[in-house]
Amino acid sequence: GRVTLWPDGWRLPYLSEIKWGRAVLLSTVDGGVDLEDAKKTISAEVESMQGGTIILSTPFERLPSTGKNHDLFRIDLGPNIVANKRIDRMLDELQRCLGTNQAKEPRDQIQ
């Protein structure tokens with residue numbers, strides 16, 4: 001789904017770390033961040049930031065909620081998904097080059 005956020009009664013501050021493509025965590029202010037509970041925190045990706053609004057895309061169908069009618073939301077920096085994908089690719093390549101037996105039983109000091 002797509003979520004549009006805007007500040008209520010104040011200007012959006014300058015956010016150098018939150019930009020297009022950045023993974024973020026969306027939670028309610030009262031509920032706090034809990035990565036294990038999708039009722040409290042969901043992951044999203046910043047689609048755009050313009051005109052005092054932040055537009056997020058998320059695979060989740062429901063927003064976090066405390067059960068109150070008017071929840072306020074917060075955005076926290078999420079895991080850097082691009083960096084994690086690069087690390088996964090490098091580890092896969094390393095395992096392919098070494099093989100599982102070499103990794104378990106090194107032949108010399110380098111391996």
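**Notebook: pocket, core and strands**

I began with the lining of the largest pocket and sorted its residues by type: twelve are nonpolar, one is polar and three are charged. The model I am reading is a predicted one.

Next I looked up the pocket itself. I noted a volume of about 460 Å³ for the largest pocket. Its lining has 16 residues, and those closest to the centre are Leu5, Trp6, Pro7, Trp10 and Phe73. I also recalled how such a space is found: a probe the size of a water molecule, rolled over the atoms, shows where empty space is left.

Which strand gives the most to the lining of the largest pocket? I found that β5 does, with three residues. I wrote down that β5 covers 73-77, and that β1 and β5 each supply at least two residues of this lining.

I then turned to the nonpolar core. The largest one has ten residues. I listed them as Val3, Leu5, Ile18, Val24, Leu26, Ile42, Ala44, Val46, Ile54 and Leu56. Four strands each supply at least two residues of this core: β1 (2-5), β2 (23-28), β3 (41-50) and β4 (53-57). Among the strands, β3 gives the most, with three residues.

I looked at β1 by its faces. Which residues of β1 are on the covered face, and which on the uncovered one? Val3 and Leu5 make the covered face, while Arg2 and Thr4 make the uncovered one.

Setting aside neighbours within four places in sequence, I found Val3 in contact with Leu26, Ile54, Ile55, Leu56, Thr58 and Leu63.

My next entry is on strand pairing. How do β1 and β4 run, parallel or antiparallel? They run antiparallel, and four bridges join them. Along this pair, I found Arg2 opposite Ser57 in β4 and Leu5 opposite Ile54 in β4.

I checked the pairing of β4 with β3 as well. These two strands are also antiparallel, and five bridges join them. Ser57 came up again here, as the bridge partner of Glu45.

Last, I looked at the turn. β3 and β4 form a hairpin with two residues between them. In that turn I noted Gly51, which has a positive phi of about 60 degrees.

Note on methods: Residues numbered from 1 in each chain as written. Predicted model: local features only at pLDDT ≥ 70, side-chain atom pairs only at ≥ 80, totals over all residues. Heavy atoms only, no water. Core = buried A, V, L, I, M, F, W, Y, C linked by side-chain atoms within 4.5 Å. Buried < 20%, exposed > 50% of the residue type's maximum accessible area, 1.4 Å probe, protein only. Contact = heavy atoms within 4.5 Å. Pairing = 2+ DSSP bridges. 1 Å grid on protein atoms, 1.4 Å probe; cavity = no way out; pocket = protein on both sides within 12 Å on 5 of 7 lines; lining within 4 Å. Points joined across faces, edges and corners; volume = space filled by probe spheres on them. Nonpolar A, V, L, I, M, F, W, Y, C, P; charged D, E, K, R; others polar.
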